[in-house]
Amino acid sequence: MRIFDPHIHMTSRTTDDYERMAAAGVRAVVEPAFWLGQPRTSAASFTDYFDSLIGWEPFRAGQFGVRHFATVALNPKEANDPRCRPVLDLLPRYLDKDAVVAVGEIGYDSMTPEEDEAFAAQLALAVAYDLPALVHTPHRDKARGCERTLAVVAESGIDAGRVVVDHLNEVTVKLVRDSGCWLGFSIYPDTKMTPQRMVELLREYGTDRMLVNSAADWGRSDPLLTRATGEAMLQAGFSDDDVDKVLWRNPVEFYGQSGRLDLSDLDVAAAVDPQTGNSILRGGS
């Protein structure tokens with residue numbers, strides 16, 4: 001089983017997670033920019049964070065044969081903090097980078113006017129830089145948030161087929177499917193979506209434009225739940241080809257629209273530093 005996790009926050013995970021993921025069949029990941037758990041005190045802190053997403057994390061992942069890509073954005077939660085708003089002016093520097101395959105996460109957290117403005121501005125950047133967009137839907141009042149999200153996407157002029165609307169559930173899946181956007185589902189131990197519920201949605205709506213991710217952020221999460229979803233699909237009677245489509249070919253197709261998805265040489269073995277014995281070679285300057 002080959003797995004491409006299209007939304008996972010590896011900054012919040014340990015090196016052991018990379019080792020476990022590689023052993024489970026995860027060969028590529030996309031890490032979206034997100035909230036780091038406490039308020040940032042200035043926009044300058046995003047520079048180091050974005051640099052890590054396109055520098056250190058790809059290097060760390062590569063030691064285990066995992067290809068790492070990123071999306072960059074001012075995330076919805078921090079769009080409400082005036083200290084972070086200047087990040088919108090910083091983004092063009094990073095949207096030109098080869099490792100950046102989309103604008104994201106963008107969208108709504110609390111559906112404020114500030115979030116409206118940041119969302120629209122970043123969809124415009126996705127159009128300007130010819131990149132897909134990864135859209136976060138709010139955890140509260142999800143149905144209304146999803147409807148508002150789709151309205152803003154439609155107003156932006158971006159091709160719906162270049163947008164994935166994430167963190168969906170049974171209430172929102174039909175809305176997004178009918179919009180022409182891609183559908184993202186975060187599989188969690190307790191919240192959002194489970195492998196079994198995901199299987200039922202795949203039975204009802206099919207495998208087209210479906211993306212399954214583990215998100216795996218600071219809370220209780222599991223970076224192997226993509227694998228668990230594939231196994232649940234097989235147990236439910238889906239074919240190996242169905243599983244490969246959902247867990248590999250779909251994310252490759254979606255992020256491939258960036259023109260930057262280099263998946264060559266994925267079978268390079270993990271490296272060990274011969275001088276230190278450390279499983280992470282020393283990177284950086």
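Analyst: A crossing is right-handed if the near helix is turned clockwise from the far one by less than a right angle, and left-handed if anticlockwise. H8 passes H9 in the right-handed sense. The model is predicted, with local features requiring pLDDT of at least 70 and side-chain atom pairs pLDDT 80 or more, while totals for chains, interfaces and linings use all residues. Residues are numbered from 1 along each chain, and side-chain values use heavy atoms, without hydrogens or water.

H8 covers residues 195-205 and H9 residues 225-235 (helices are DSSP runs of H or I, at least four residues). Their axes, lines fitted to C-alpha atoms over the stretch in contact, come within 9 Å and cross at roughly 55°.

On the H8 side, Pro195, Met198, Val199 and Leu202 take part; facing them in H9 are Leu225, Ala228, Thr229, Ala232 and Met233 (contact: heavy atoms within 4.5 Å). By class, this contact has eight nonpolar residues, one polar and no charged.

Met198 of H8 is also among the residues touched by Phe185, including Met193, Leu201 and Val212. Phe185 and Phe50 have the most contacts inside the largest nonpolar core, which has 72 residues (buried residues, under 20% relative accessible area, joined through side-chain atoms within 4.5 Å). Helix H4, residues 87-95, supplies the largest share of that core, six residues. Another core, of 15 residues, lies apart from it and includes Val30, Leu134, Trp182 and Leu261.

Methods: Axes fitted to C-alpha atoms, helices over the stretch in contact; angles between N-to-C directions. Helix = DSSP H or I, 4+ residues; strand = E, 2+ residues; numbered from the N terminus. Nonpolar A, V, L, I, M, F, W, Y, C, P; charged D, E, K, R; others polar. Buried < 20%, exposed > 50% of the residue type's maximum accessible area, 1.4 Å probe, protein only. Lists of a residue's contacts leave out its neighbours within four places in sequence.
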